[in-house]
Amino acid sequence: MSAQIIDGKAFSNQLVEKISEQVATLKHAHHFTPGLAVVLVGEDPASQVYVRNKAERTKTCGMRSIEHRLPADTSQDALLALIEQMNIDDQIDGILVQLPLPSQIDDKAVIQAIAPQKDVDGFHVVNAGLLATGQQALVPCTPYGCLMLLQDHFGDLSGLSAVVLGRSNIVGKPMAQLLLNANATVTIAHSRTKDLEDVCRHADILIAAVGRPEMVTGDWIKKGAVVIDVGINRVPAPERGEGKYRLTGDVHFDSASEIASAITPVPGGVGPMTIACLLRNTLVAATRRRNIAIDNI
Ligand code: NDP
């Protein structure tokens, strides 16, 4: 293996430390504590873990964590009423509704009901539009985390050729916008892309966000490219015992790391950056709403 490992866990810990310092300063100088409200509808096991981790990290960095756990049969109207209440609650700076939602609730209606200035997931069309037009937005956490890792690695991304594999609204599209805003030359690839492997082989930066375990192998990668693996896939791991699973990315790590110059591992790469960026977005939302200037983090 020759590639440098991009350690998202260490980077995210440093980021959370900086956020904690800023939160402490806000308490001292401005007498308020940013608050993040997370809503979980139903009992999806993976969502429960995500919500618990988010709440713990929020408290660790000194912010207030507000949790709403609603039954799986909650109506859309009841959820929208809760969001409306949180939109006008001055104690709440960020609102996150954990996805996926039960089938009786329309995800899009819920996301658009969140006040854009409290939309710490960055999924509201207002924030998507602001990002697409290069204006100040709340940016989706996972792609922002990827951008931070890339900027830390390269410094300047100007002129680099980036291929984003995946075009979802939560990862692929905002990732491409962020790279474009950072002056990279961006290609977005997806399931209809022709000669996909060849497209990928032209990338100085390859971002894989397809949700297909280990799809991208070393022979898809340009020698010396930097590979960011967003994928989180649970695959059977009988070698660990009956019924056991392991997490793997969208990139075949062993073959890719022979060719790439740097690569994010799964777990320990992009994943930890997502929660850290959620905390960052909450801090940013809290201070923007109050017109308080903070150091750029
Ligand atoms: P989606 O399923 O919403 O999007 C997947 C994208 O990949 C689509 O644009 C799809 O193309 C494309 N795609 C799927 N199969 C292929 C293929 N065979 N060839 C080319 N393109 C393909 O996924 P998300 O964007 O939500 O997530 C992507 C991955 O990132 C998942 O593994 C997910 O678990 C992970 N993830 C990780 C996070 C983290 O914190 N690290 C956060 C969010 C997601 P098309 O549009 O044509 O269908």
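Student: Why is the crossing of H1 and H10 called left-handed?
Tutor: A crossing is left-handed if the near helix is turned anticlockwise from the far one by less than a right angle, and right-handed if clockwise. H1 and H10 cross in the left-handed way. Bear in mind that this is a predicted model, where local features need pLDDT of at least 70, side-chain atom pairs count only at pLDDT 80 or more, and totals for chains, interfaces and linings use all residues. Residues are numbered from 1 along each chain as its sequence is written, and side-chain values use heavy atoms, with hydrogens and water left out.

Student: What makes H1 and H10 roughly parallel?
Tutor: Helix H1 (residues 8-30) packs on H10 at about 20°, and their axes are 9 Å apart. Angles under 35 degrees count as roughly parallel, over 145 as roughly antiparallel, 65 to 115 as roughly perpendicular and the rest as oblique, so H1 is roughly parallel to H10.

Student: Which residues of H1 and H10 meet?
Tutor: On the H1 side they include Phe11, Leu15, Ile19 and Leu26, and on the H10 side Met273, Ala276, Leu279 and Leu283 are among them. By class, the H1 and H10 contact splits into 12 nonpolar, 4 polar and 2 charged residues. (Contact means heavy atoms within 4.5 Å.)

Student: How do you know that the structure holds a cavity?
Tutor: On a 1 Å grid, a cavity is a set of points where a 1.4 Å probe fits but cannot get out, while a pocket is an open set with protein on both sides within 12 Å along at least five of seven lines; lining residues have an atom within 4 Å of a point. By that test there is 1 cavity of 30 Å³ or more. The largest cavity holds about 60 Å³ of space. Its lining includes Ile95, Val97, Leu99, Val110 and Phe123. Strand E4 (94-97) and helix H4 (107-113) are the elements that give two or more residues to that lining, and E4 has the largest share with 3. The cavity lining counts 8 nonpolar, no polar and 2 charged residues.

Student: What lines the largest pocket?
Tutor: This pocket holds about 1,500 Å³ of space. It has 48 lining residues, and Tyr50, Thr142, Ile232, Gly271 and Thr274 are the closest to its centre. H2 gives the most to the pocket lining, 9 residues. The pocket lining divides into 26 nonpolar, 13 polar and 9 charged residues.

Student: What makes the bond from Leu99 to Pro100 cis?
Tutor: Its omega is near 0°, and Pro100 sits in the loop between E4 and H4. The peptide bond from Val266 to Pro267 is cis too, with omega near -5°.

Student: What makes the phi of Asp195 worth a look?
Tutor: Most residues other than glycine have a negative phi, and most peptide bonds are trans. Asp195 has a positive phi, near 50°, and is not a glycine. You'll find Asp195 in the loop between strand E6 (185-189) and helix H8 (196-200).

Definitions and conventions. Grid points are joined across faces, edges and corners, and a volume is the space filled by probe spheres set on the points. Helices (H or I, at least four residues) and strands (E, at least two) are DSSP runs, numbered from the N terminus. Ala, Val, Leu, Ile, Met, Phe, Trp, Tyr, Cys and Pro count as nonpolar, Asp, Glu, Lys and Arg as charged, and the others, Gly among them, as polar. Axes are lines fitted to C-alpha atoms, for helices over the stretch in contact, and angles run from 0 to 180 degrees between N-to-C directions.
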